[in-house]
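The report below goes through selected charge pairs, a strand pairing and a pocket, with the cut-offs behind each term.

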Amino acid sequence: MVALAACQSNESNTAAKATHAKAAAASAELTRKANMAAAAKVKANELGNIPVIMYHRVTDKPGGTDDRTPAQFRAELERLASENYVPITAAEYVSGKIDIPAGTHPVVLTFDDSSPSQLTLDAMGTPQPNTAVGILLDVSKKHPGFRPVATFFVIRDMFGKFTPEERAQVLGWLRDNGFDIGNHTRDHLNLLGKSEKEVTEQIAAGQKLISDLDKKVQVHTLALPYGNQPRDKQWALHGSANGVRYDYQGVFLAGYTPAPSPFTKEFNPVGIPRIRSMDKKGDCVKFCSTAWLDELNAHPDERYTSDGNPTTVAFPKFKTPFVAKNVTTNALPY
């Protein structure tokens, strides 16, 4: 009798597990269909292109084609906000941690060379209003969905500060306020044609510069000086020198085109393109920020549009051949 009872109990447990599994599968399928419907409603395309915009100085007196005036910088941010772009950091981009509302588009704001015009703090630790950070914070207040985040690729000329304490203050403020810090090498040395030793020493020195000032800062990305890649592109991604090891998830170039989604086969972590911020004039008629934003606005099916769910990668079904292999488990074609 005991054996019979045990047998019946096992059969009952097996049947219950099967019923539970069917219910779970049915629930998962309903959730998937609901997610597909939501993605289709906003025309989500998380395989689309993402503008990674490159800035240098923000100054009333531009000294070159890389500089922008405060008014020009503000106007570009206002345009991005009005066209439903939401800033994400370079670290979020390369890791695929893109968590923005449904129907919006990610944009990565990057700043090279750690200029004082990008961030200068007053005696109370508040950004000066006409610096890049001050303007970004102000635009964000006017457009609450426009996240005040950006990535700063720093060098040894760190925001015009000279003592370790002052430099640590600025890095600490950026970290505490959700900004991202990347490496731009210590001395802004052109790595083109340099030996492996020279390349790794410069990158490792930049990494050490940051970590010595603030050990809490996690560096995930590198921007190559002048956008020039070393002879072996992998040297920029991983390496060590003088006891300092660096392992990055992405290496950024100097300009030219929007960047591919990190969920596509086209994504290449050793050479991520950026767009120079500039109006449509001269060599920027086709290949700088105003031109590319116009292009993406005219062809919305080519840009990244979020489904609002960070656990899925949603896209029109016919784009399936372009999905990277490492994201197929959470792919959501519709």
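## Salt bridges

Arg276 has a relative accessible area of 15% and is therefore buried, where buried means under 20% relative accessible area, exposed over 50% and partly exposed in between, with a 1.4 Å probe and protein chains only. Its salt-bridge partner is Asp283, the closest N and O atoms being 3.4 Å apart; a salt bridge is a side-chain nitrogen of Lys or Arg within 4 Å of a carboxyl oxygen of Asp or Glu. Asp283 counts as exposed because its relative accessibility is 58%. The model is predicted, so that local features need pLDDT of at least 70 and side-chain atom pairs count only at pLDDT 80 or more, while totals for chains, interfaces and linings use all residues. Residues are numbered from 1 along each chain as its sequence is written, and side-chain values use heavy atoms, with hydrogens and water left out.

The whole structure holds 18 salt bridges. In one of them Asp138 meets Arg74, with 2.7 Å between the closest N and O atoms; Asp138 lies in helix α4 (residues 132-142) and Arg74 in helix α2 (residues 70-82), so the pair ties together parts that are 64 residues apart in sequence. Helices (H or I, at least four residues) and strands (E, at least two) are DSSP runs, numbered from the N terminus. Asp138 is partly exposed at 27% relative accessibility, and Arg74 is partly exposed at 25%. Arg79 and Glu83 form a further salt bridge, their closest N and O atoms being 2.9 Å apart, and both residues are buried.

Strand β7 (residues 238-241) pairs with β8 in the antiparallel sense over four bridges, pairing being assigned if DSSP finds at least two bridges between two strands. Ala241 has Val244 in β8 as its bridge partner. Two residues separate the strands of this hairpin, and Asn242 in the turn has a positive phi of about 55°.

In a regular strand the side chains alternate between the two faces of the sheet. In β8 (residues 244-247), Val244 and Tyr246 form the covered face, whereas Arg245 and Asp247 form the uncovered one.

Ser261 sits in the loop between β9 (250-252) and β10 (275-276), and it counts as buried because its relative accessibility is 0%. Leaving aside neighbours within four places in sequence, Ser261 is in contact (heavy atoms within 4.5 Å) with Glu46, Leu47, Gly48, Ile50, Phe267 and Tyr304.

Ser261 is also among the residues that line the largest pocket, which include Asn45, Pro260, Asp301 and Lys319.

How values were computed:
On a 1 Å grid over the protein atoms alone, a cavity is a set of points where a 1.4 Å probe fits but cannot get out, and a pocket is an open set with protein on both sides within 12 Å along at least five of seven lines; lining residues have an atom within 4 Å of a point.
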